[in-house]
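Here is a short report on the structure shown below.

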Amino acid sequence: MNKICIVEDDEPMRTELCALLKNAGYETEELTDFSRSLDFLRATDADLILLDINLPQMNGEMLLRELRRNSSTPVIMLTSRTSEMDEALSLSSGADDYITKPYHPTILLLHISAVLKRTSRVQVRTTYRNIEINVAKGCLSTGTQEQILTKNEMIIFQLLLDRQGEIVTRDALMTALWDNDEFVNDNALSVNVSRLRTKLAAIGCPDAIETRKKMGYILL
Amino acid sequence: MSVKAYARERVGIWVIYGALSLVMGIFLVAFRIQGELIFFLLMMMWAVVIGTEIWELCRKKQFYDGMLRSLAELDNKYLIQELLEQPDFLEGQILCDVLHETNKSMYEHVAGYRQQNREFQEFIELWVHEIKLPVASLSLMMHNHRSEFGSKALEQLRRIDSYTDTVLYFARAEHAEKDYLIKPVSLKRIVSNAALRNREDLLLHGVRLETEQLDVQVLTDGKWLEFILGQFIANSLRYTSGKEDPFIRITAKDLSDRTVLHFYDNGIGIPADDLPHIFTKSFTGHNGRVFARSTGMGLYIVRNLCNRLGHDISVQSEEGKYTELSITFRKNDFYTR
(Lines give C-alpha, C1' and ligand atoms only; values in the text may rest on other atoms or scores of the structure.)
Protein backbone atom coordinates (compact mmCIF):
# COMPACT_ATOMS: atom_id res chain seq x y z
CA MET A 1 0.00 0.00 0.00
CA ASN A 2 1.37 3.39 -0.92
CA LYS A 3 1.81 6.01 1.73
CA ILE A 4 1.04 9.62 0.91
CA CYS A 5 2.13 12.54 3.03
CA ILE A 6 -0.23 15.53 3.06
CA VAL A 7 1.20 18.98 3.64
CA GLU A 8 -1.71 21.41 3.74
CA ASP A 9 -2.34 24.06 6.37
CA ASP A 10 -6.08 24.42 5.94
CA GLU A 11 -7.51 21.96 8.41
CA PRO A 12 -10.88 21.05 6.80
CA MET A 13 -9.10 20.60 3.52
CA ARG A 14 -6.51 18.33 5.08
CA THR A 15 -9.16 16.18 6.73
CA GLU A 16 -11.06 15.76 3.50
CA LEU A 17 -7.94 15.02 1.49
CA CYS A 18 -7.07 12.37 4.05
CA ALA A 19 -10.52 10.84 3.80
CA LEU A 20 -10.38 10.89 0.01
CA LEU A 21 -7.00 9.18 -0.14
CA LYS A 22 -7.94 6.59 2.49
CA ASN A 23 -11.08 5.75 0.53
CA ALA A 24 -8.95 5.32 -2.54
CA GLY A 25 -6.80 2.80 -0.71
CA TYR A 26 -3.76 4.84 0.23
CA GLU A 27 -2.14 5.14 3.60
CA THR A 28 -1.87 8.75 4.71
CA GLU A 29 0.32 10.84 6.93
CA GLU A 30 -0.36 14.44 7.89
CA LEU A 31 1.96 17.23 8.73
CA THR A 32 0.54 19.42 11.49
CA ASP A 33 3.53 21.17 13.01
CA PHE A 34 4.60 23.66 10.37
CA SER A 35 7.50 25.04 12.38
CA ARG A 36 9.44 21.87 11.64
CA SER A 37 8.03 20.96 8.27
CA LEU A 38 11.36 20.43 6.55
CA ASP A 39 12.62 17.97 9.17
CA PHE A 40 9.35 16.15 8.97
CA LEU A 41 9.49 15.82 5.22
CA ARG A 42 13.10 14.69 5.31
CA ALA A 43 12.26 12.01 7.81
CA THR A 44 9.11 10.68 6.19
CA ASP A 45 9.10 7.38 4.33
CA ALA A 46 6.07 8.33 2.25
CA ASP A 47 5.94 7.32 -1.41
CA LEU A 48 4.50 10.65 -2.45
CA ILE A 49 4.10 14.10 -0.96
CA LEU A 50 1.14 16.38 -1.65
CA LEU A 51 2.50 19.85 -1.02
CA ASP A 52 0.51 23.05 -0.73
CA ILE A 53 2.24 26.24 -1.86
CA ASN A 54 0.86 28.66 0.69
CA LEU A 55 2.12 27.40 4.00
CA PRO A 56 2.97 29.09 7.26
CA GLN A 57 6.67 29.53 8.14
CA MET A 58 8.19 28.31 4.91
CA ASN A 59 6.26 28.26 1.66
CA GLY A 60 5.88 25.17 -0.45
CA GLU A 61 8.32 26.14 -3.16
CA MET A 62 11.12 26.86 -0.69
CA LEU A 63 10.33 23.69 1.15
CA LEU A 64 10.49 21.70 -2.04
CA ARG A 65 13.77 23.26 -3.10
CA GLU A 66 15.31 22.43 0.27
CA LEU A 67 13.88 18.95 0.21
CA ARG A 68 15.24 18.27 -3.27
CA ARG A 69 18.81 18.70 -2.04
CA ASN A 70 18.78 15.22 -0.60
CA SER A 71 15.50 13.52 -1.42
CA SER A 72 13.83 12.36 -4.57
CA THR A 73 10.42 11.52 -3.12
CA PRO A 74 7.82 12.38 -5.76
CA VAL A 75 5.98 15.61 -5.00
CA ILE A 76 2.69 16.95 -6.34
CA MET A 77 2.15 20.64 -5.73
CA LEU A 78 -1.32 21.79 -4.70
CA THR A 79 -2.23 25.39 -5.09
CA SER A 80 -4.99 27.85 -5.66
CA ARG A 81 -2.84 29.93 -7.94
CA THR A 82 -3.68 29.44 -11.56
CA SER A 83 -0.98 30.91 -13.69
CA GLU A 84 1.39 29.09 -15.97
CA MET A 85 4.23 30.96 -14.35
CA ASP A 86 3.61 29.23 -11.03
CA GLU A 87 3.47 25.92 -12.76
CA ALA A 88 6.78 26.54 -14.47
CA LEU A 89 8.25 27.71 -11.18
CA SER A 90 7.18 24.71 -9.16
CA LEU A 91 8.20 22.25 -11.84
CA SER A 92 11.58 23.92 -12.02
CA SER A 93 11.97 23.65 -8.27
CA GLY A 94 11.54 19.93 -8.59
CA ALA A 95 7.87 19.02 -8.39
CA ASP A 96 6.71 15.99 -10.35
CA ASP A 97 3.26 17.34 -11.03
CA TYR A 98 1.05 20.26 -10.30
CA ILE A 99 -2.67 20.55 -9.51
CA THR A 100 -4.71 23.69 -9.01
CA LYS A 101 -7.55 24.13 -6.56
CA PRO A 102 -10.33 23.34 -6.61
CA TYR A 103 -9.16 20.02 -7.90
CA HIS A 104 -11.61 17.54 -9.06
CA PRO A 105 -11.20 14.63 -6.61
CA THR A 106 -10.99 11.93 -9.27
CA ILE A 107 -8.57 14.01 -11.32
CA LEU A 108 -6.41 14.39 -8.24
CA LEU A 109 -6.41 10.62 -7.76
CA LEU A 110 -5.58 10.16 -11.41
CA HIS A 111 -2.58 12.46 -11.11
CA ILE A 112 -1.41 10.68 -7.98
CA SER A 113 -1.53 7.26 -9.57
CA ALA A 114 0.13 8.60 -12.71
CA VAL A 115 3.01 10.08 -10.74
CA LEU A 116 3.38 6.94 -8.64
CA LYS A 117 3.48 4.88 -11.80
CA ARG A 118 5.95 7.15 -13.50
CA THR A 119 8.29 7.17 -10.54
CA SER A 120 7.81 3.39 -10.51
CA ARG A 121 6.84 3.10 -6.90
CA VAL A 122 4.03 0.99 -8.27
CA GLN A 123 4.93 -1.98 -10.37
CA VAL A 124 2.89 -2.14 -13.51
CA ARG A 125 1.37 -5.57 -13.44
CA THR A 126 1.50 -7.63 -16.58
CA THR A 127 -0.32 -10.72 -15.39
CA TYR A 128 -3.71 -11.50 -13.93
CA ARG A 129 -4.21 -15.06 -12.70
CA ASN A 130 -2.87 -17.01 -15.64
CA ILE A 131 -3.50 -14.28 -18.18
CA GLU A 132 -0.68 -12.31 -19.69
CA ILE A 133 -1.42 -8.70 -20.54
CA ASN A 134 0.22 -7.11 -23.53
CA VAL A 135 -0.67 -3.44 -23.46
CA ALA A 136 1.25 -2.55 -26.58
CA LYS A 137 -0.56 -5.18 -28.61
CA GLY A 138 -3.81 -4.56 -26.73
CA CYS A 139 -4.45 -8.19 -26.04
CA LEU A 140 -4.80 -10.77 -23.28
CA SER A 141 -3.38 -14.23 -23.75
CA THR A 142 -3.12 -17.47 -21.82
CA GLY A 143 -0.67 -19.10 -24.14
CA THR A 144 -3.34 -21.09 -25.90
CA GLN A 145 -6.00 -18.42 -26.23
CA GLU A 146 -5.93 -14.76 -27.14
CA GLN A 147 -8.43 -11.96 -26.78
CA ILE A 148 -8.07 -8.55 -28.38
CA LEU A 149 -9.22 -5.68 -26.17
CA THR A 150 -10.33 -2.29 -27.45
CA LYS A 151 -8.61 0.80 -26.07
CA ASN A 152 -11.50 1.45 -23.70
CA GLU A 153 -11.59 -2.09 -22.42
CA MET A 154 -7.85 -2.03 -21.83
CA ILE A 155 -8.07 1.21 -19.85
CA ILE A 156 -10.84 -0.22 -17.70
CA PHE A 157 -9.09 -3.52 -17.19
CA GLN A 158 -5.81 -1.89 -16.19
CA LEU A 159 -7.48 0.39 -13.68
CA LEU A 160 -9.35 -2.53 -12.13
CA LEU A 161 -6.17 -4.58 -12.07
CA ASP A 162 -4.16 -1.82 -10.39
CA ARG A 163 -6.64 -1.86 -7.57
CA GLN A 164 -7.52 -5.53 -7.60
CA GLY A 165 -9.70 -6.52 -4.66
CA GLU A 166 -10.90 -2.96 -4.11
CA ILE A 167 -13.99 -1.25 -5.40
CA VAL A 168 -13.30 1.06 -8.31
CA THR A 169 -16.06 3.62 -8.74
CA ARG A 170 -17.71 4.29 -12.07
CA ASP A 171 -16.57 7.86 -11.54
CA ALA A 172 -12.92 6.81 -11.41
CA LEU A 173 -13.31 4.64 -14.52
CA MET A 174 -15.01 7.48 -16.32
CA THR A 175 -12.26 9.92 -15.36
CA ALA A 176 -9.59 7.54 -16.62
CA LEU A 177 -11.40 7.07 -19.92
CA TRP A 178 -11.96 10.79 -20.44
CA ASP A 179 -8.35 11.45 -19.56
CA ASN A 180 -7.46 9.23 -22.52
CA ASP A 181 -9.71 11.15 -24.90
CA GLU A 182 -12.46 8.55 -24.78
CA PHE A 183 -15.43 10.76 -24.06
CA VAL A 184 -17.91 8.01 -23.28
CA ASN A 185 -21.21 8.29 -21.45
CA ASP A 186 -22.71 6.13 -18.72
CA ASN A 187 -24.28 3.64 -21.10
CA ALA A 188 -21.10 3.20 -23.08
CA LEU A 189 -19.20 2.53 -19.87
CA SER A 190 -21.66 -0.22 -18.91
CA VAL A 191 -21.41 -1.70 -22.38
CA ASN A 192 -17.61 -1.65 -22.26
CA VAL A 193 -17.53 -3.32 -18.87
CA SER A 194 -19.90 -6.06 -19.98
CA ARG A 195 -17.88 -6.66 -23.15
CA LEU A 196 -14.75 -6.90 -21.06
CA ARG A 197 -16.54 -9.44 -18.88
CA THR A 198 -17.48 -11.52 -21.89
CA LYS A 199 -13.91 -11.46 -23.18
CA LEU A 200 -12.53 -12.43 -19.79
CA ALA A 201 -15.04 -15.26 -19.59
CA ALA A 202 -14.01 -16.45 -23.03
CA ILE A 203 -10.42 -16.67 -21.91
CA GLY A 204 -11.23 -18.66 -18.81
CA CYS A 205 -12.09 -16.09 -16.17
CA PRO A 206 -15.84 -15.81 -15.81
CA ASP A 207 -16.98 -13.81 -12.76
CA ALA A 208 -13.70 -11.89 -12.68
CA ILE A 209 -15.48 -8.55 -12.46
CA GLU A 210 -18.20 -8.10 -9.90
CA THR A 211 -20.66 -5.22 -9.82
CA ARG A 212 -21.25 -3.54 -6.47
CA LYS A 213 -24.55 -1.75 -6.67
CA LYS A 214 -24.28 2.04 -6.48
CA MET A 215 -20.55 1.80 -5.75
CA GLY A 216 -18.68 0.46 -8.72
CA TYR A 217 -16.81 -2.59 -9.91
CA ILE A 218 -14.34 -4.90 -8.31
CA LEU A 219 -11.85 -7.26 -9.91
CA LEU A 220 -11.57 -10.45 -7.90
CA MET B 1 -5.57 80.97 -36.08
CA SER B 2 -6.82 82.60 -39.24
CA VAL B 3 -5.97 86.22 -40.08
CA LYS B 4 -9.66 86.93 -40.60
CA ALA B 5 -10.65 85.77 -37.13
CA TYR B 6 -7.83 87.78 -35.61
CA ALA B 7 -8.88 90.87 -37.57
CA ARG B 8 -12.49 90.48 -36.46
CA GLU B 9 -11.35 90.45 -32.87
CA ARG B 10 -9.15 93.54 -33.28
CA VAL B 11 -11.67 95.55 -35.28
CA GLY B 12 -12.89 97.46 -32.19
CA ILE B 13 -9.40 98.75 -31.42
CA TRP B 14 -8.89 99.82 -35.03
CA VAL B 15 -12.17 101.77 -34.91
CA ILE B 16 -10.87 103.54 -31.81
CA TYR B 17 -7.56 104.28 -33.58
CA GLY B 18 -9.56 105.62 -36.53
CA ALA B 19 -11.67 107.85 -34.31
CA LEU B 20 -8.53 109.01 -32.49
CA SER B 21 -6.78 109.98 -35.73
CA LEU B 22 -9.92 111.80 -36.86
CA VAL B 23 -10.11 113.79 -33.59
CA MET B 24 -6.36 114.45 -33.74
CA GLY B 25 -6.70 115.62 -37.33
CA ILE B 26 -9.52 118.01 -36.39
CA PHE B 27 -7.50 119.42 -33.46
CA LEU B 28 -4.39 119.83 -35.55
CA VAL B 29 -6.38 121.57 -38.27
CA ALA B 30 -7.97 123.78 -35.58
CA PHE B 31 -4.45 124.70 -34.37
CA ARG B 32 -3.66 125.69 -37.95
CA ILE B 33 -0.84 123.19 -38.32
CA GLN B 34 0.50 122.72 -41.82
CA GLY B 35 -1.36 120.17 -43.93
CA GLU B 36 1.80 118.17 -44.86
CA LEU B 37 2.81 117.94 -41.22
CA ILE B 38 -0.62 116.63 -40.20
CA PHE B 39 -0.47 114.01 -42.92
CA PHE B 40 3.03 113.03 -41.89
CA LEU B 41 2.09 112.69 -38.19
CA LEU B 42 -0.97 110.63 -38.95
CA MET B 43 0.99 108.44 -41.34
CA MET B 44 3.62 107.86 -38.69
CA MET B 45 1.02 106.90 -36.11
CA TRP B 46 -0.65 104.47 -38.54
CA ALA B 47 2.63 102.99 -39.55
CA VAL B 48 3.37 102.20 -35.89
CA VAL B 49 -0.14 100.79 -35.35
CA ILE B 50 -0.05 98.56 -38.42
CA GLY B 51 3.51 97.47 -37.63
CA THR B 52 2.62 96.37 -34.10
CA GLU B 53 -0.53 94.64 -35.28
CA ILE B 54 1.36 92.61 -37.87
CA TRP B 55 4.08 91.72 -35.37
CA GLU B 56 1.48 90.66 -32.78
CA LEU B 57 -0.38 88.63 -35.37
CA CYS B 58 2.76 86.89 -36.52
CA ARG B 59 4.03 85.71 -33.18
CA LYS B 60 0.60 84.68 -31.94
CA LYS B 61 -0.21 82.94 -35.16
CA GLN B 62 3.05 81.07 -35.02
CA PHE B 63 2.44 79.89 -31.46
CA TYR B 64 -1.22 78.94 -31.77
CA ASP B 65 -0.89 77.37 -35.21
CA GLY B 66 2.00 75.29 -33.93
CA MET B 67 -0.09 74.24 -30.96
CA LEU B 68 -3.09 73.25 -33.08
CA ARG B 69 -0.89 71.32 -35.46
CA SER B 70 0.69 69.31 -32.65
CA LEU B 71 -2.73 68.72 -31.14
CA ALA B 72 -4.02 67.28 -34.38
CA GLU B 73 -1.03 64.98 -34.66
CA LEU B 74 -1.15 63.74 -31.09
CA ASP B 75 -2.87 60.46 -30.24
CA ASN B 76 -3.01 61.33 -26.57
CA LYS B 77 -4.17 64.93 -26.64
CA TYR B 78 -3.37 65.50 -23.01
CA LEU B 79 0.33 65.42 -23.83
CA ILE B 80 0.08 68.72 -25.73
CA GLN B 81 1.64 70.62 -22.85
CA GLU B 82 4.88 68.69 -23.30
CA LEU B 83 5.17 69.87 -26.90
CA LEU B 84 4.64 73.59 -26.36
CA GLU B 85 7.56 75.98 -26.57
CA GLN B 86 7.49 78.71 -23.97
CA PRO B 87 5.90 81.67 -25.85
CA ASP B 88 7.25 85.22 -25.49
CA PHE B 89 3.92 86.89 -24.90
CA LEU B 90 1.95 87.08 -21.68
CA GLU B 91 -1.30 85.36 -22.69
CA GLY B 92 0.61 82.43 -24.13
CA GLN B 93 2.66 82.13 -20.96
CA ILE B 94 -0.47 82.18 -18.84
CA LEU B 95 -2.02 79.52 -21.05
CA CYS B 96 1.08 77.36 -20.70
CA ASP B 97 1.11 77.73 -16.94
CA VAL B 98 -2.58 76.88 -16.73
CA LEU B 99 -2.09 73.82 -18.94
CA HIS B 100 0.85 72.75 -16.82
CA GLU B 101 -1.09 73.08 -13.59
CA THR B 102 -4.25 71.36 -14.86
CA ASN B 103 -2.18 68.57 -16.36
CA LYS B 104 -0.34 68.03 -13.13
CA SER B 105 -3.51 67.88 -11.12
CA MET B 106 -5.09 65.54 -13.65
CA TYR B 107 -2.07 63.24 -13.47
CA GLU B 108 -2.41 63.09 -9.72
CA HIS B 109 -6.07 62.38 -10.10
CA VAL B 110 -5.49 59.62 -12.61
CA ALA B 111 -2.68 58.16 -10.53
CA GLY B 112 -5.10 57.98 -7.61
CA TYR B 113 -7.62 56.04 -9.65
CA ARG B 114 -4.94 53.85 -11.11
CA GLN B 115 -3.76 52.99 -7.64
CA GLN B 116 -7.33 52.28 -6.54
CA ASN B 117 -7.88 50.15 -9.58
CA ARG B 118 -4.72 48.17 -8.99
CA GLU B 119 -5.55 47.61 -5.35
CA PHE B 120 -9.01 46.47 -6.35
CA GLN B 121 -7.62 44.08 -8.92
CA GLU B 122 -5.11 42.68 -6.47
CA PHE B 123 -7.87 42.23 -3.95
CA ILE B 124 -10.08 40.47 -6.48
CA GLU B 125 -7.30 38.09 -7.41
CA LEU B 126 -6.51 37.38 -3.80
CA TRP B 127 -10.18 36.89 -3.09
CA VAL B 128 -10.58 34.45 -5.95
CA HIS B 129 -7.62 32.45 -4.68
CA GLU B 130 -9.05 32.45 -1.20
CA ILE B 131 -12.53 31.43 -2.27
CA LYS B 132 -11.00 28.51 -4.15
CA LEU B 133 -9.92 26.98 -0.86
CA PRO B 134 -13.39 26.51 0.65
CA VAL B 135 -14.69 25.49 -2.78
CA ALA B 136 -11.97 22.85 -2.95
CA SER B 137 -12.74 21.64 0.59
CA LEU B 138 -16.44 21.50 -0.21
CA SER B 139 -15.91 19.54 -3.40
CA LEU B 140 -13.76 17.03 -1.53
CA MET B 141 -16.37 16.80 1.23
CA MET B 142 -19.10 16.18 -1.30
CA HIS B 143 -17.00 13.57 -2.98
CA ASN B 144 -16.28 11.80 0.30
CA HIS B 145 -19.91 11.90 1.40
CA ARG B 146 -21.56 11.54 -1.96
CA SER B 147 -24.67 9.79 -0.70
CA GLU B 148 -25.64 12.75 1.49
CA PHE B 149 -25.15 15.47 -1.10
CA GLY B 150 -25.95 14.05 -4.50
CA SER B 151 -24.85 15.31 -7.87
CA LYS B 152 -27.14 18.37 -7.90
CA ALA B 153 -25.20 20.00 -5.07
CA LEU B 154 -21.98 19.23 -6.89
CA GLU B 155 -23.29 20.86 -10.02
CA GLN B 156 -24.07 24.05 -8.12
CA LEU B 157 -20.61 24.01 -6.62
CA ARG B 158 -19.10 23.68 -10.06
CA ARG B 159 -21.11 26.67 -11.15
CA ILE B 160 -19.68 28.70 -8.28
CA ASP B 161 -16.23 27.62 -9.33
CA SER B 162 -16.71 28.50 -12.96
CA TYR B 163 -18.11 31.93 -12.09
CA THR B 164 -15.15 32.70 -9.85
CA ASP B 165 -12.87 31.65 -12.69
CA THR B 166 -14.61 34.15 -14.94
CA VAL B 167 -13.88 36.89 -12.42
CA LEU B 168 -10.23 35.91 -12.26
CA TYR B 169 -9.74 35.85 -16.00
CA PHE B 170 -11.64 39.09 -16.44
CA ALA B 171 -9.37 40.80 -13.94
CA ARG B 172 -6.36 39.36 -15.75
CA ALA B 173 -7.48 40.09 -19.29
CA GLU B 174 -8.13 43.74 -18.50
CA HIS B 175 -4.62 44.25 -17.29
CA ALA B 176 -1.85 43.58 -19.72
CA GLU B 177 0.87 43.37 -17.12
CA LYS B 178 -0.48 40.11 -15.73
CA ASP B 179 1.57 37.06 -16.38
CA TYR B 180 1.00 34.40 -18.93
CA LEU B 181 3.41 31.98 -20.43
CA ILE B 182 3.36 31.11 -24.09
CA LYS B 183 4.90 27.78 -24.94
CA PRO B 184 4.10 24.84 -27.19
CA VAL B 185 1.18 22.89 -25.75
CA SER B 186 -0.66 19.88 -27.07
CA LEU B 187 -4.20 20.68 -28.16
CA LYS B 188 -5.18 17.14 -27.30
CA ARG B 189 -4.05 17.57 -23.71
CA ILE B 190 -5.81 20.91 -23.29
CA VAL B 191 -9.03 19.62 -24.81
CA SER B 192 -9.11 16.54 -22.59
CA ASN B 193 -8.36 18.68 -19.53
CA ALA B 194 -11.26 20.96 -20.39
CA ALA B 195 -13.47 17.95 -21.10
CA LEU B 196 -12.50 16.28 -17.82
CA ARG B 197 -13.36 19.39 -15.88
CA ASN B 198 -16.76 19.62 -17.52
CA ARG B 199 -17.42 15.90 -17.67
CA GLU B 200 -20.36 15.78 -15.29
CA ASP B 201 -22.08 18.70 -17.00
CA LEU B 202 -21.62 17.20 -20.44
CA LEU B 203 -23.00 13.85 -19.28
CA LEU B 204 -25.85 15.50 -17.37
CA HIS B 205 -26.95 17.33 -20.51
CA GLY B 206 -26.44 14.21 -22.61
CA VAL B 207 -24.10 16.03 -24.95
CA ARG B 208 -21.76 13.86 -26.96
CA LEU B 209 -18.19 15.05 -27.36
CA GLU B 210 -16.19 14.19 -30.47
CA THR B 211 -12.63 15.14 -31.17
CA GLU B 212 -10.60 14.72 -34.32
CA GLN B 213 -7.05 15.41 -35.41
CA LEU B 214 -6.02 17.13 -32.24
CA ASP B 215 -2.47 15.79 -32.29
CA VAL B 216 -1.10 19.27 -32.84
CA GLN B 217 1.14 21.51 -30.82
CA VAL B 218 0.22 25.18 -30.68
CA LEU B 219 1.88 28.19 -29.11
CA THR B 220 -0.35 29.44 -26.35
CA ASP B 221 -0.90 29.64 -22.60
CA GLY B 222 -2.41 26.32 -21.59
CA LYS B 223 -4.40 27.56 -18.60
CA TRP B 224 -5.98 30.35 -20.59
CA LEU B 225 -6.87 28.10 -23.48
CA GLU B 226 -8.40 25.62 -21.09
CA PHE B 227 -10.51 28.39 -19.63
CA ILE B 228 -11.55 29.51 -23.13
CA LEU B 229 -12.63 25.97 -24.03
CA GLY B 230 -14.48 25.75 -20.72
CA GLN B 231 -16.42 28.87 -21.68
CA PHE B 232 -17.22 27.40 -25.11
CA ILE B 233 -18.47 24.20 -23.52
CA ALA B 234 -20.59 26.07 -20.97
CA ASN B 235 -22.13 28.12 -23.79
CA SER B 236 -22.84 25.07 -25.90
CA LEU B 237 -24.47 23.29 -22.99
CA ARG B 238 -26.63 26.29 -22.30
CA TYR B 239 -27.86 26.43 -25.87
CA THR B 240 -28.15 22.80 -26.93
CA SER B 241 -30.87 21.84 -24.47
CA GLY B 242 -33.89 20.23 -26.09
CA LYS B 243 -32.03 19.30 -29.26
CA GLU B 244 -32.10 15.76 -30.51
CA ASP B 245 -28.73 14.07 -30.25
CA PRO B 246 -26.76 17.15 -29.16
CA PHE B 247 -23.04 16.98 -29.78
CA ILE B 248 -19.90 19.07 -29.69
CA ARG B 249 -17.15 18.43 -32.18
CA ILE B 250 -13.67 19.77 -31.62
CA THR B 251 -11.28 19.55 -34.54
CA ALA B 252 -8.04 21.17 -35.56
CA LYS B 253 -6.64 22.04 -38.93
CA ASP B 254 -2.90 22.29 -39.21
CA LEU B 255 -1.87 24.62 -42.01
CA SER B 256 1.57 25.74 -43.03
CA ASP B 257 1.47 29.09 -41.29
CA ARG B 258 -1.27 28.58 -38.71
CA THR B 259 -3.36 26.07 -36.81
CA VAL B 260 -7.10 26.53 -36.57
CA LEU B 261 -9.13 25.01 -33.77
CA HIS B 262 -12.80 24.54 -34.62
CA PHE B 263 -15.39 24.19 -31.91
CA TYR B 264 -18.66 23.07 -33.46
CA ASP B 265 -21.98 22.37 -31.79
CA ASN B 266 -25.36 21.53 -33.28
CA GLY B 267 -27.18 23.80 -30.84
CA ILE B 268 -29.76 26.49 -31.44
CA GLY B 269 -27.31 28.71 -33.32
CA ILE B 270 -27.14 32.48 -33.23
CA PRO B 271 -29.47 34.80 -35.19
CA ALA B 272 -27.64 36.56 -38.01
CA ASP B 273 -28.42 39.98 -36.51
CA ASP B 274 -26.69 39.06 -33.26
CA LEU B 275 -23.66 37.42 -34.84
CA PRO B 276 -21.44 40.51 -35.18
CA HIS B 277 -22.02 41.46 -31.55
CA ILE B 278 -21.48 38.26 -29.62
CA PHE B 279 -17.98 39.28 -28.47
CA THR B 280 -19.23 42.63 -27.21
CA LYS B 281 -19.25 43.30 -23.50
CA SER B 282 -22.60 42.64 -21.81
CA PHE B 283 -24.24 41.63 -25.07
CA THR B 284 -26.78 38.90 -24.46
CA GLY B 285 -28.76 38.99 -27.70
CA HIS B 286 -31.85 37.05 -28.57
CA ASN B 287 -30.64 33.75 -27.13
CA GLY B 288 -29.57 35.40 -23.90
CA ARG B 289 -33.02 36.87 -23.42
CA VAL B 290 -34.88 33.70 -24.25
CA PHE B 291 -32.68 31.28 -22.36
CA ALA B 292 -31.69 33.67 -19.56
CA ARG B 293 -28.69 33.01 -17.33
CA SER B 294 -26.53 34.89 -19.76
CA THR B 295 -24.29 37.68 -18.56
CA GLY B 296 -22.77 38.51 -21.92
CA MET B 297 -19.33 38.46 -20.33
CA GLY B 298 -18.02 35.02 -21.23
CA LEU B 299 -17.26 35.55 -24.90
CA TYR B 300 -16.13 39.12 -24.26
CA ILE B 301 -13.47 37.83 -21.87
CA VAL B 302 -12.60 35.09 -24.31
CA ARG B 303 -12.01 37.57 -27.09
CA ASN B 304 -9.88 39.71 -24.80
CA LEU B 305 -7.77 36.73 -23.81
CA CYS B 306 -7.39 35.74 -27.46
CA ASN B 307 -6.26 39.25 -28.38
CA ARG B 308 -3.72 39.20 -25.62
CA LEU B 309 -2.38 35.83 -26.68
CA GLY B 310 -2.30 36.90 -30.31
CA HIS B 311 -4.92 34.44 -31.53
CA ASP B 312 -7.77 35.31 -33.86
CA ILE B 313 -11.25 34.25 -32.93
CA SER B 314 -14.20 34.08 -35.26
CA VAL B 315 -17.70 32.67 -35.30
CA GLN B 316 -20.01 31.13 -37.86
CA SER B 317 -23.54 30.13 -37.18
CA GLU B 318 -26.90 29.34 -38.65
CA GLU B 319 -29.93 29.82 -36.50
CA GLY B 320 -31.43 26.54 -35.40
CA LYS B 321 -28.60 24.52 -36.88
CA TYR B 322 -25.12 25.05 -35.58
CA THR B 323 -22.54 27.36 -34.08
CA GLU B 324 -18.86 27.12 -34.87
CA LEU B 325 -16.21 29.09 -33.03
CA SER B 326 -12.71 29.06 -34.47
CA ILE B 327 -9.46 30.07 -32.88
CA THR B 328 -6.46 30.64 -35.11
CA PHE B 329 -3.02 30.09 -33.63
CA ARG B 330 -0.26 31.55 -35.69
CA LYS B 331 2.97 29.67 -36.12
CA ASN B 332 5.37 32.42 -35.41
CA ASP B 333 8.72 31.90 -33.79
CA PHE B 334 8.41 35.47 -32.53
CA TYR B 335 6.60 34.05 -29.52
CA THR B 336 9.14 31.46 -28.57
CA ARG B 337 12.23 33.49 -29.07
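Strands β3 (residues 48-52) and β4 (residues 75-79) of chain A run parallel and are joined by 4 bridges. This is a predicted model. Within the pair, Leu51(A) has Met77(A) of β4(A) as its bridge partner. Helix α3 (residues 60-68) of chain A packs on the sheet and touches both β3 and β4 of chain A. The direction of helix α3 makes about 170° with that of β4(A).

The sheet itself is open and has 5 strands. Their order in chain A is β2-β1-β3-β4-β5, with parallel pairing. Neighbouring strands are turned by 20° against each other on average, direction ignored.

**Cores**

The largest nonpolar core holds 80 residues. Those with the most contacts inside this core are Tyr128(A), Phe157(A), Trp178(A), Leu200(A), Leu187(B) and Phe232(B). Helix α8 (residues 222-240) of chain B gives the largest share, 8 residues. Beyond its neighbours within four places in sequence, Phe232(B) is in contact with Phe263(B), Leu299(B), Val302(B), Ile313(B), Leu325(B) and Ile327(B). A second core is separate and has 22 residues. Leu17(A), Cys18(A), Leu78(A) and Ile99(A) are among them.

| Nonpolar core | Size | Residues, including |
|---|---|---|
| Largest | 80 residues | Tyr128(A), Phe157(A), Leu187(B) |
| Second, separate | 22 residues | Leu17(A), Leu78(A), Ile99(A) |

**A buried asparagine**

Is Asn152(A) buried or exposed? Asn152(A) counts as buried because its relative accessibility is 10%, and buried means under 20%. Asn152(A) sits in helix α6 (residues 151-162) of chain A. Leaving aside neighbours within four places in sequence, its contacts are Leu177(A), Glu182(A), Val184(A) and Asn192(A).

**The interface**

Chain B puts 36 residues in contact with 37 residues of chain A. The area buried between the two chains is about 3300 Å². Carbon and sulfur atoms give 61% of that area.

The side chains of Asp171(A) and Arg199(B) meet in a salt bridge, at 2.2 Å from N to O.

Note on methods
Residues are numbered from 1 along each chain as its sequence is written. Chains are lettered from A and ligands numbered from 1 in the order in which they are written. This is a predicted model: local features need pLDDT of at least 70, side-chain atom pairs count only at pLDDT 80 or more; totals for chains, interfaces and linings use all residues. Side-chain values use heavy atoms; hydrogens and water are left out. Two strands pair if DSSP finds at least two bridges between them. Helices (H or I, at least four residues) and strands (E, at least two) are DSSP runs, numbered from the N terminus. Axes are lines fitted to C-alpha atoms, for helices over the stretch in contact, and angles run from 0 to 180 degrees between N-to-C directions. Contact means heavy atoms within 4.5 Å. A nonpolar core is a set of buried Ala, Val, Leu, Ile, Met, Phe, Trp, Tyr and Cys residues joined through side-chain atoms within 4.5 Å. Buried means under 20% relative accessible area, exposed over 50%, partly exposed in between (1.4 Å probe, protein chains only). Buried area is the accessible area (1.4 Å probe) that two parts lose on being put together, summed over both. A salt bridge is a side-chain nitrogen of Lys or Arg within 4 Å of a carboxyl oxygen of Asp or Glu.
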